[in-house]
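Dear colleague,

Please find below the structure that I am handing over to you, together with its sequence. My findings follow directly after it.

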Amino acid sequence: MSDETNHRIHAEQTLDQGPLSETLSRRLSGSELNTLLLEVFRERTRAGNASDLLKRYHDNRFVKPAEVSALDLKRLELNALEIADAHAFEPIQLSPAAPLGSCSVVATVDQNKVISALRGTELVADATNMLALHISDGLKSGELDNRSRHVRLSTTHRHVRAQQFHAPGMVPHFHVFCMVSSGMDQGSYSFEIPSFWEHIRVYRDIFDRLFHSPISVEIQVRQGYADPEGLVRRVAEAGKTESVNVTVSLHSDKTHNAYYQGLQFTLVTEIQGHTYAIGDGGFVNWTQQLTGNRKQRMLISAIGLERLTPLYRR
């Protein structure tokens, strides 16, 4: 760290007399803060030894391998992506790093639930946020156009979550398959209705072909649309003519939920006599926030592959 940056930090702290965290986050530029933190971590690792490193591995819950068959998980990933690709959801391989704030800025997730890192990054805690950023960047740069043709992407990714889980089977990192659809509002829910059923068709085929199991969909009304009840009713009615062959149940309780807009759905399946709520999805306003265009629409969805892998039979 340069002497100039060092002196600036001391000067700001002397003038501010507030919490050090506030001084560092608000008074230093991004590059100055990054330089300081890099120096701190370099000094800490310099003072350590191999024994310290092994102890950190032993004590850190985030760095242990997953208790799942790697081969079975990879086969399940590939098959799910191939099914999505056949439905025009282009598979994409994301980076393990995300921009700092990728979840908390647009999706109301507390930053303490995410593992923040250096160089303006964090570990990916939700791949759908990264897909939204990728799409929004393409829309702003002109590389993508979703006005006449919806953008459809799919991926598998290992999520890392920082919050403590105490329920059985809840782990700090886990694998998901997810999809995102992006389009423009043309009126009469012309994006929402077909996009919803496109997602459901993919999940129907995944569970039919890979698990020989049916799925059902539970739809909940959420705030964020002018007429969320009308949106849910129109989406459900369209399913009767879409020949998707899944059971749909409606829940009209308009519970406050700042994450989903208008509609949230839960995917339920029955495998080997056991019922699993295995995934969820809904409409979000992330592309509206990221592009500044209120006409933008987005649907996200995901299923957990970690729980499904032991049930997968080739």
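Glu-306 is buried, its relative accessible area being 17%. Please bear in mind that the model is a predicted one.

**Salt bridges**

Glu-306 forms a salt bridge with Arg-158, and the closest N and O atoms of the pair are 2.7 Å apart. This pair links distant parts of the chain, since Glu-306 belongs to helix α11 (residues 305–308) and Arg-158 to strand β4 (residues 151–160), 148 residues apart. Arg-158 is partly exposed, with a relative accessible area of 23%.

Asp-185 forms a salt bridge with Arg-297, with 3.3 Å between the closest N and O atoms.

In total, the count comes to 12 salt bridges.

**Nonpolar cores**

The largest nonpolar core has 46 residues, of which Phe-177, Phe-196 and Ile-200 touch the most other members. Helix α8 gives the most to this core, with 10 residues. Leaving aside neighbours within four places in sequence, Phe-196 is in contact with Val-217, Ile-219, Val-235, Leu-263, Phe-265 and Leu-299. A second, separate core has 23 residues, including Leu-94, Ala-98, Met-130 and Ile-135.

**Helix α9**

Does the length of helix α9 agree or disagree with what its number of residues leads one to expect? Helix α9 (residues 228–239) has 12 residues and, at 1.5 Å a residue, should span 16 Å. Its end C-alpha atoms are 17 Å apart, which agrees.

The buried residues of α9 are Pro-228, Gly-230, Leu-231, Val-232, Val-235, Ala-236, Ala-238 and Gly-239. Among the elements that cover them are α8 (192–211), β6 (215–221), β7 (247–251), β8 (263–271) and β9 (274–284). Val-235, one of these buried residues, is also among the contacts of Phe-196.

Yours sincerely

How values were computed
Residues numbered from 1 in each chain as written. Predicted model: local features only at pLDDT ≥ 70, side-chain atom pairs only at ≥ 80, totals over all residues. Heavy atoms only, no water. Helix = DSSP H or I, 4+ residues; strand = E, 2+ residues; numbered from the N terminus. Expected span 1.5 Å × (residues − 1). Buried < 20%, exposed > 50% of the residue type's maximum accessible area, 1.4 Å probe, protein only. Contact = heavy atoms within 4.5 Å. Salt bridge = Lys/Arg side-chain N within 4 Å of Asp/Glu carboxyl O. Core = buried A, V, L, I, M, F, W, Y, C linked by side-chain atoms within 4.5 Å.
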